[in-house]
Amino acid sequence: MLKPFLLFGLFCAVFGRSNFRNNIPNGYAVPNPCRSGYWNGVGHYNSKGGGTLNPFGSDFEKNYNRWTIALCTADSDGDGKTNGEELGDPFCDWFASKTVNANLRAATSHPGICEPIGSPLCAAQEGKFSC
Ligand SMILES: [Ca+2]
């Protein structure tokens with residue numbers, strides 16, 4: 001009886017929510033603000049995913065895990081740049097369903113981690129993650 005639930009739980013534990021990255025621009029290429037490479041758990045304070053949601057993850061969840069103009073124009077992490085600017089969608093016209101998004105650029109920073117890390121502007125996130 002519990003077997004389907006256990007299998008689903010195992011699936012989530014193994015695969016996380018990486019499919020959510022398909023729902024945001026450059027979801028698989030969000031820069032790691034701590035070092036070179038990418039931050040795979042885009043919505044989490046843990047770079048590998050899982051655990052506490054960062055402000056972008058919370059906003060994304062409240063937005064039913066969809067990329068919308070409201071989420072794009074928001075500045076979830078409070079660093080002065082909109083989520084769209086950080087993820088390379090400055091015109092907020094990216095759609096997951098489109099095969100070509102002509103205005104898409106490379107992601108330049110993280111929408112859920114205030115940057116620069118350690119600056120007075122980003123003091124509120126101190127201790128919530130480690131680099
Ligand atoms: Ca921001």
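Predicted model: local features only at pLDDT ≥ 70, side-chain atom pairs only at ≥ 80, totals over all residues.
My residue numbers run from 1 along each chain as its sequence is written, and side-chain values use heavy atoms, with hydrogens and water left out.

D75 counts as partly exposed, at 28% relative accessibility, whereas D77 is buried, with a relative accessible area of 10%.

**Helix α2**

I took helices (H or I, at least four residues) and strands (E, at least two) as DSSP runs, numbered from the N terminus. Which residues of helix α2 (residues 55-62) are buried? I found F56, G57 and F60. Seen down the axis of α2, these buried residues fall within an arc of 100°, so they line one face of the helix; the arc is that of the directions from the helix axis to the C-beta atoms. As a reminder to myself, an α-helix has 3.6 residues a turn, so residues three or four places apart point the same way. On the face of α2 turned away from the buried side I found the exposed residues E61 and K62.

Looking for what the buried residues of α2 pack against, I found α3 (69-73) and α4 (83-87), with contact meaning heavy atoms within 4.5 Å. At the N-terminal end, α2 is capped by N54, a side-chain oxygen of which lies 3.0 Å from the backbone nitrogen of F56. After α2 comes Y64, whose phi is positive, near 60°.

**Disulfides**

How many disulfides does a search of the whole structure find? It finds three, where a disulfide is a pair of cysteine sulfur atoms within 2.5 Å. With bonded cysteines counted along the chain, the disulfides follow the pattern 1-6, 2-3, 4-5.

C34 and C131 form a disulfide with their sulfur atoms 1.9 Å apart, and the torsion about this S-S bond is about -60°, so the disulfide is left-handed. The pair links distant parts of the chain, with C34 in the loop between α1 (3-15) and α2 and C131 in the segment after α4, 97 residues apart. I found C34 partly exposed, with a relative accessible area of 25%, while C131 is exposed, at 53%.

C72 is joined to C92 by a disulfide (S to S 2.0 Å), and this link is left-handed, with -85° about the S-S bond. C72 lies in helix α3 and C92 in the segment after α4, so the pair ties together parts that are 20 residues apart in sequence. Here C72 counts as buried, at 0% relative accessibility, and C92 counts as buried at 17%.

The sulfur atoms of C114 and C122 are 2.0 Å apart in their disulfide, which has a torsion of about -70° about the S-S bond, so it is left-handed. I found C114 buried, at 3% relative accessibility, and C122 buried, at 2%.

I next looked up the largest nonpolar core, which has eleven residues in all: I24, V30, V42, F56, F60, W67, L71, C72, L87, C92 and W94. The elements that give two or more residues to this core are α2 and α3. By a nonpolar core I mean a set of buried Ala, Val, Leu, Ile, Met, Phe, Trp, Tyr and Cys residues joined through side-chain atoms within 4.5 Å. For F60, not counting residues up to four places away in sequence, I noted that it touches F20, N23, I24, N65, R66, W67 and L71.

Lastly I turned to I113, which is found in the segment after α4 and is buried, with a relative accessible area of 0%. I113 and P33 are 80 residues apart in sequence and 7.5 Å apart in space, C-alpha to C-alpha.

How values were computed: Buried < 20%, exposed > 50% of the residue type's maximum accessible area, 1.4 Å probe, protein only. Polar contact = N/O pair within 3.5 Å; in protein donor to acceptor, adjacent residues only side chain to side chain.
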